Amino acid sequence: MSDSYGPAHPAPPNGRGAVTSCPEGFAECVLCQKPTEYPESYRGITLCPVCEWQEAQRTACSG
């Protein structure tokens with residue numbers, strides 16, 4: 001898996017785990033730390049819409 005997110009969706013400026021200002025009650029994306037559509041109480045891996053779409057593209061073409 002690559003750490004390159006592309007120009008449209010860059011990695012956080014301070015690296016992984018950087019503290020960001022997510023809207024109250026929403027979880028951070030585990031890849032880019034941007035807000036997700038999942039509540040903080042959601043169990044499991046949380047991805048923002050962009051990372052979720054990119055992951056779906058990667059897994060759909062592997063086979």
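**Overall fold.** The model is predicted. The protein chain has one helix and two strands. Read from the N terminus, the order of elements is β-β-α. The table gives some totals for the chain.

| Property of the protein chain | Value |
|---|---|
| Residues counted as buried | 24% of 63 residues |
| Share of contacts between residues at least 6 apart in sequence that join residues at least 24 apart | 11% |

Start with the strands. Strand β1 covers residues 26-28, and strand β2 covers residues 35-39. The two run antiparallel and are joined by two bridges. Phe26 has Pro39 of β2 as its bridge partner. Together, β1 and β2 make a hairpin, with six residues lying between them. Gln33 sits in that turn, and its phi is positive, at about 65°.

**The core.** Which residues make up the largest nonpolar core? There are six: Cys29, Leu31, Cys32, Leu47, Cys48 and Cys51. In soluble globular proteins, nonpolar side chains tend to be buried together.

Leaving out residues up to four places away in sequence, Cys29 touches Lys34, Thr36, Thr46, Leu47, Cys48 and Cys51. Among these contacts, Leu47, Cys48 and Cys51 are also members of the core. Thr36, another contact of Cys29, belongs to strand β2, which spans residues 35-39.

Notes:
Residues numbered from 1 in each chain as written. Predicted model: local features only at pLDDT ≥ 70, side-chain atom pairs only at ≥ 80, totals over all residues. Heavy atoms only, no water. Pairing = 2+ DSSP bridges. Helix = DSSP H or I, 4+ residues; strand = E, 2+ residues; numbered from the N terminus. Core = buried A, V, L, I, M, F, W, Y, C linked by side-chain atoms within 4.5 Å. Buried < 20%, exposed > 50% of the residue type's maximum accessible area, 1.4 Å probe, protein only. Contact = heavy atoms within 4.5 Å.
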